[in-house]
Amino acid sequence: PRTGPRLTAALESFPLAISPSSLTFYTGSLFAKWSGDVLIGGLSSQGILRGKPASDGVHDMELVYLGFRVRDIAQAPDGSLLLLRDGANGALIRLT
């Protein structure tokens, strides 16, 4: 919602608390159906939020539940995804 005359309403909002930690646009071919999608690492949602960007927001949002807090997400040169698991048992995880 707008909170002032010089502000514009958000194009996208989330009904759940996802606690976003990072964002990347997937441009690889390893996960061909995700090409061009936005990927958001989630802390409290414990996974990756994926959606298709459009001029009026993000469509077809889905949560890819992983069961751990995703602190960071990045695409490797080979198209795999690198995830940084948060917490005392933190780890760098490659999705292929």
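With a relative accessibility of 31%, S19 counts as partly exposed. The structure is a predicted model, and within it S19 belongs to the segment before β1. The phi angle of S19 is near 50°, a positive value in a residue that is not glycine. A positive phi, of about 55°, is also found at Q46, again in a residue other than glycine. Q46 is placed in the loop between β2 and β3, the latter strand comprising residues 47–54, and its relative accessibility of 26% makes it partly exposed. As background to these two entries, most residues other than glycine have a negative phi.

The search for salt bridges across the whole structure returned 6. One of them joins R50 to D37, with the closest N and O atoms 2.3 Å apart. This pair links distant parts of the chain, since R50 is in strand β3 and D37 in the loop between β1 and β2, a separation of 13 residues. Both R50 and D37 are buried. A salt bridge is also formed between the side chains of K52 and D37, at 3.0 Å from N to O. Because K52 lies in strand β3 whereas D37 lies in the loop between β1 and β2, this pair ties together parts that are 15 residues apart in sequence. The accessibilities of the two partners fall into separate classes: K52, at 31%, counts as partly exposed, while D37, at 2%, falls under the 20% limit and is therefore buried. D37, R50, K52 and E62 are linked in a network of salt bridges.

The surroundings of D37 extend beyond these charged partners. The loop that carries D37 runs between β1 (20–25) and β2 (38–42). When residues up to four places away in sequence are left out, D37 touches T24, F25 and Y26, and also R50, G51, K52 and P53.

A further salt bridge is made by the side chains of R94 and D78, at 3.6 Å from N to O. Here, too, distant parts of the chain are linked, R94 being in strand β7 (residues 91–95) and D78 in the loop between β5 (70–75) and β6 (81–85), 16 residues apart. R94 counts as partly exposed at 46% relative accessibility, and D78 likewise counts as partly exposed at 49%.

Another interaction with an aromatic ring involves a charge: the charged end of R85 sits over the ring of F68, at 5.8 Å from the ring centre.

Finally, G57 is found in strand β4, which spans residues 57–65, and is buried with a relative accessible area of 7%. From C-alpha to C-alpha, G57 and S13 are 9.1 Å apart in space, although 44 residues separate them in sequence.

Definitions and conventions:
Residues numbered from 1 in each chain as written. Predicted model: local features only at pLDDT ≥ 70, side-chain atom pairs only at ≥ 80, totals over all residues. Heavy atoms only, no water. Helix = DSSP H or I, 4+ residues; strand = E, 2+ residues; numbered from the N terminus. Contact = heavy atoms within 4.5 Å. Buried < 20%, exposed > 50% of the residue type's maximum accessible area, 1.4 Å probe, protein only. Lys NZ or Arg CZ within 6 Å of the ring centre and 35° of its normal. Salt bridge = Lys/Arg side-chain N within 4 Å of Asp/Glu carboxyl O.
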